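Subject: Structure handover

Hello,

Here is the structure we spoke about, with the sequence alongside. My notes on what was found follow below it.

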Amino acid sequence: MIKTLMCFFAFSFWTHADPGADLLKQETQLTDDQALLYQKISDQLRCPTCTGISVRQSESLFSQQIRSAVIDQIEQKKAEPEIMQFFIERYGQWILREPPKQGLHWLAWLVPALFFSLGGLWVARFLFQKKGSI
Amino acid sequence: MFGDIGFVLLFLASIVSLYSVAASLLSVRLRHAALLQSAKLGSALVCGLTLCAALLLFFLFYEHDFSLRYVQRNSSTDLPLRYLLAAFWAALEGSHLLWTLLLSSVSAVAIWTVNKDNRPLLPYLIAALQSVLSWMLILALTYSDPFAPLFPAAAQGVGLNALLQNFYMTIHPPSLFTGYTSLAIPFAYSIAAMCHGSFTPGWTRTVRRWTLFAWAFLIFGITLGGRWAYVELGWGGYWAWDPVENSSLIPWLFATALLHTLTVQAKMGHLGRMSLLLSLFGFFFSYLGTFITRSGIISSVHSFAQSPIGPAYLGFLFFLAFSALLLYAWRAPKLSTPAPRNWGISRESSLVFTQFLLILFAMIVSFGTLYPILSEALTGERFNIQAPYFNTFAPYIGFGLAAGIGFGNLLRFQTNRPIDGFKTLLYTFAAALPLSLLYGYFTGVHHSSLSSFLLQSTGIVFCMWAFTCLVWDLHHRLHALSYQTKPFFRYNLSYIGSWIAHVGVLVGIIGFLGNYRGIEKTVTLHTGDHTTLLGYDIQLDGVRFKQTENTGLYYAALSISAPGGGTLLAQINPARAKYPTSEDWFNEVDTWSTFWHDLYAVLARFDADKQEATLQLYLNPTVRLVWSSIALMIFGALLCLVDRRYRSLR
């Protein structure tokens with residue numbers, strides 16, 4: 001899987017002498033609606049070679065490749081869930097910036113909700129217990 | 001040779017530190033005053049020896065002594081003086097020594113300024129602080145030795161990482177570490193209170209002052225880090241919810257909760273055991289954060305090179321957690337507490353609510369930060385959680401805190417009606433609406449979805465309402481004194497300090513909400529071309545070259561004018577820098593700030609021959625509000641620290 005990606009990466013580097021310029025041209029040719037979708041999706045994909053930022057925020061070569069692929073998908077008139085699935089299939093769930101709400105990763109969303117509800121109940125019980133006096 | 005002297009100094013310090021632990025604990029057993037005095041002197045000696053070792057390292061950097069591995073790996077002969085000295089804490093060994101130095105200093109100060117009310121706690125205080133210090137000094141001799149030699153000595157150094165060659169490098173680590181190490185004092189006082197068996201009369205006052213001190217330095221250090229990321233990393237933001245950023249935030253959240261628990265404890269004697277727990281957690285999490293970066297267990301922009309120090313830190317964390325919680329389980333129930341009471345809806349209840357929110361937020365941020373480890377254990381796949389997850393929860397915590405500030409200031413202790421009755425709620429809300437509209441007008445609403453717009457509107461109204469509640473409370477108190485401002489200010493410094501700090505928090509929440517809107521644009525220009533962003537006219541005047549002390553900079557000269565090519569408002573020069581000691585190019589971002597938004601420019605690509613530049617332009621709303629909020633919070637904390645009522649009696 002990694003090898004395939006590396007080949008893809010090396011190949012596109014060879015065929016596009018200046019991928020940044022090509023990407024820029026592609027970005028300026030998007031319609032307004034397409035641009036909004038492009039921003040939304042590239043905000044949700046992480047930059048594989050950076051720490052902590054999205055492909056939209058990064059100028060690394062790998063991020064530019066991914067953004068170019070996003071634009072290709074948008075021009076094929078695919079919807080957002082389809083496009084996200086396209087990238088998850090190729091890179092794994094790891095490409096997402098926040099845990100998907102499926103499988104074990106539901107935990108990431110449940111635990112804060114549990115903290116809030118159980119903690120909140122405990123605090124409410126503590127504050128409104130009927131023992132003692134003011 | 002000098003490296004050996006440094007090693008010996010640290011070795012002596014560790015011996016004295018271990019002695020102080022033993023002597024202070026023995027002095028309790030044997031009721032021996034001279035032993036305790038020797039432990040006290042020992043603490044001062046540890047501080048002195050560590051200070052000498054640190055000064056020596058500074059000296060060795062200054063002299064470019066490349067026979068030391070640490071100096072050779074983090075400096076070079078062409079480094080400007082300020083970065084040469086800041087290189088002290090550029091990597092693991094030096095930053096560990098800085099932490100040890102600051103911990104030994106605050107410990108010495110805390111131990112020697114114990115007031116007579118807290119005297120019974122002194123032996124346990126020394127034991128707790130010196131145990132941690134001796135462990136840190138032993139680490140500085142083994143896994144984290146800044147004086148390790150390089151043989152054969154090199155002629156030139158590797159140089160300092162270009163990302164660290166920034167003004168903020170000189171102040172961000174020292175202030176942040178001062179905050180972390182100052183949290184050791186409430187921790188030590190908590191251990192001492194549990195060992196002693198009761199809270200001494202001066203306990204709350206002293207712990208409160210130290211917590212305030214730590215709190216101010218922590219938020220200062222955190223903000224400097226954010227500002228540094230903003231100007232250096234070039235992705236347009238100041239807070240990425242990076243693991244190390246989070247691990248500096250979590251102790252601060254616990255310190256904030258602790259401040260509010262101490263308020264209730266000082267006023268009514270309740271929540272003392274909560275103060276103990278929060279002190280322990282705050283201290284624990286400050287070390288957990290350090291462990292995360294230094295062990296390399298979670299990758300971050302701050303990660304040092306992976307080092308075998310990880311297991312040593314992990315062992316310490318387990319030991320600390322285990323022994324502190326054991327002590328708590330054994331001794332805390334014996335601490336006398338006031339009789340249970342009906343809290344109802346009152347000022348102290350809002351304080352409890354605030355603590356709940358802060359602790360909840362700390363738990364969520366810790367969970368998200370440590371999630372990669374959990375997901376790897378459960379699914380075999382390491383999943384790093386990034387900004388969107390935390391940004392989902394942060395606004396609601398912010399709104400809850402604003403509500404806590406609002407209600408808390410309208411209520412009084414031990415009464416369940418707002419001041420001046422329930423109509424106060426109506427007045428304050430009515431006053432908040434025009435304020436919100438005014439704010440909306442000035443700051444402008446940029447591209448954002450409906451859900452984002454609703455989120456922000458709610459947040460702004462909440463914060464404005466909390467602000468009007470603060471104003472009402474101030475008016476109410478001044479009114480009670482017939483508006484004699486002079487005596488009011490003289491005898492209520494801590495109230496005014498906390499009032500200003502709370503305004504700072506509200507300003508910060510409003511400023512942070514700006515992250516949920518904002519526009520950006522990537523554009524390629526030739527010299528003379530214009531582009532617009534939010535009505536501002538931006539023109540490229542040229543792509544030029546400049547040589548500074550140790551870098552070559554290619555920069556794009558940009559002129560920003562009023563809409564329609566009117567008056568010139570600013571000139572900014574985003575640049576790309578090349579350091580001779582590195583192969584990479586680095587972004588040198590430039591910004592133009594007004595009160596309501598920042599225009600932030602990154603030079604992504606350039607061609608000096610063709611006079612062409614590709615720029616990433618960001619419009620970041622309300623960034624300046626965030627910096628202002630921190631200034632307000634720190635100023636408020638300073639006022640509280642200065643208040644005579646909170647100074648110790650000697």
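Helix 7 of chain B covers residues 167–182, and its 16 residues reach 24 Å from the first C-alpha to the last, close to the 22 Å expected at 1.5 Å a residue. Please keep in mind throughout that this is a predicted model. At the start of helix 7 of chain B, the backbone nitrogen of Tyr168(B) has a side-chain oxygen of Asn166(B) within 2.9 Å. Helix 7 of chain B is mostly covered, with twelve of its 16 residues buried. Among the buried residues are Tyr168(B), Met169(B), His172(B), Phe177(B) and Tyr180(B). The cover over the buried residues of helix 7 of chain B includes helix 4 (81–86), helix 5 (92–112), helix 8 (184–196), helix 9 (203–232), helix 10 and helix 11 (272–295) of chain B.

Helix 10 of chain B, residues 243–268, also holds Gln265(B). Is Gln265(B) buried or exposed? Gln265(B) counts as buried, because its relative accessibility is 8% and the cut-off for buried is under 20%. Leaving out residues up to four places away in sequence, Gln265(B) touches Phe199(B), Trp203(B), Thr204(B), His270(B), Leu271(B), Gly272(B) and Ser275(B).

Domains of chain B

The domain assignment divides chain B into domain 1 (1–164), domain 2 (166–338), domain 3 (387–516) and domain 4 (519–624). The contact between domain 3 and domain 4 of chain B takes eight residues from domain 3 and six residues from domain 4. Taken over C-alpha atoms, the centres of domain 3 and domain 4 of chain B are 37 Å apart. These two domains of chain B bury about 690 Å² between them, and carbon and sulfur atoms give 68% of that area. Between domain 3 and domain 4 of chain B there are zero salt bridges, and one residue pair is in polar contact. On the domain 3 side, helix 15 (423–443) and helix 18 (493–513) of chain B are the elements that give two or more residues. Helix 15 of chain B gives the most to that side, with three residues.

Helix 14 of chain B, residues 387–410, has 24 residues and reaches 35 Å between its first and last C-alpha, close to the 34 Å expected at 1.5 Å a residue. Helix 14 of chain B is largely enclosed by the rest of the structure, because 19 of its 24 residues are buried.

Ala608(B) is partly exposed, with a relative accessible area of 26%. Apart from residues up to four places away in sequence, Ala608(B) touches Val543(B) and Tyr554(B). From Ala608(B) to Tyr536(B) the separation is 72 residues in sequence and 25 Å in space, C-alpha to C-alpha.

Chain A and its interface with chain B

Chain A has six helices and zero strands. Of the 134 residues of chain A, 41% count as buried. Among contacts in chain A between residues at least 6 apart in sequence, 54% join residues at least 24 apart.

The contact between the chains takes 42 residues from chain B and 40 residues from chain A. Chain B and chain A bury about 3,900 Å² between them, with 64% of that area on carbon and sulfur atoms. Which three residues supply more than any other three of the area that chain B buries against chain A? They are Asn342(B), Phe383(B) and Gln386(B), which supply 17% of it.

There is one salt bridge between chain B and chain A. That salt bridge joins Glu520(B) and Arg56(A), whose closest N and O atoms are 3.1 Å apart. Nine residue pairs are in polar contact across the interface of chain B and chain A. On the side of chain B that touches chain A, helix 13 (347–379), helix 14, strand 1 (519–526) and strand 10 (612–621) of chain B each supply at least two residues. Helix 13 of chain B gives the most to that side, with twelve residues.

Regards

Methods:
Residues are numbered from 1 along each chain as its sequence is written. Chains are lettered from A and ligands numbered from 1 in the order in which they are written. This is a predicted model: local features need pLDDT of at least 70, side-chain atom pairs count only at pLDDT 80 or more; totals for chains, interfaces and linings use all residues. Side-chain values use heavy atoms; hydrogens and water are left out. Helices (H or I, at least four residues) and strands (E, at least two) are DSSP runs, numbered from the N terminus. The expected span of a helix is 1.5 Å times one less than its number of residues. Buried means under 20% relative accessible area, exposed over 50%, partly exposed in between (1.4 Å probe, protein chains only). Domain bounds come from an automatic or database domain assignment. Contact means heavy atoms within 4.5 Å. Buried area is the accessible area (1.4 Å probe) that two parts lose on being put together, summed over both. A salt bridge is a side-chain nitrogen of Lys or Arg within 4 Å of a carboxyl oxygen of Asp or Glu. A polar contact is a pair of N or O atoms within 3.5 Å; within protein, one must be able to donate a hydrogen and the other to accept it, and residues adjacent in sequence count only if both atoms are side-chain atoms.
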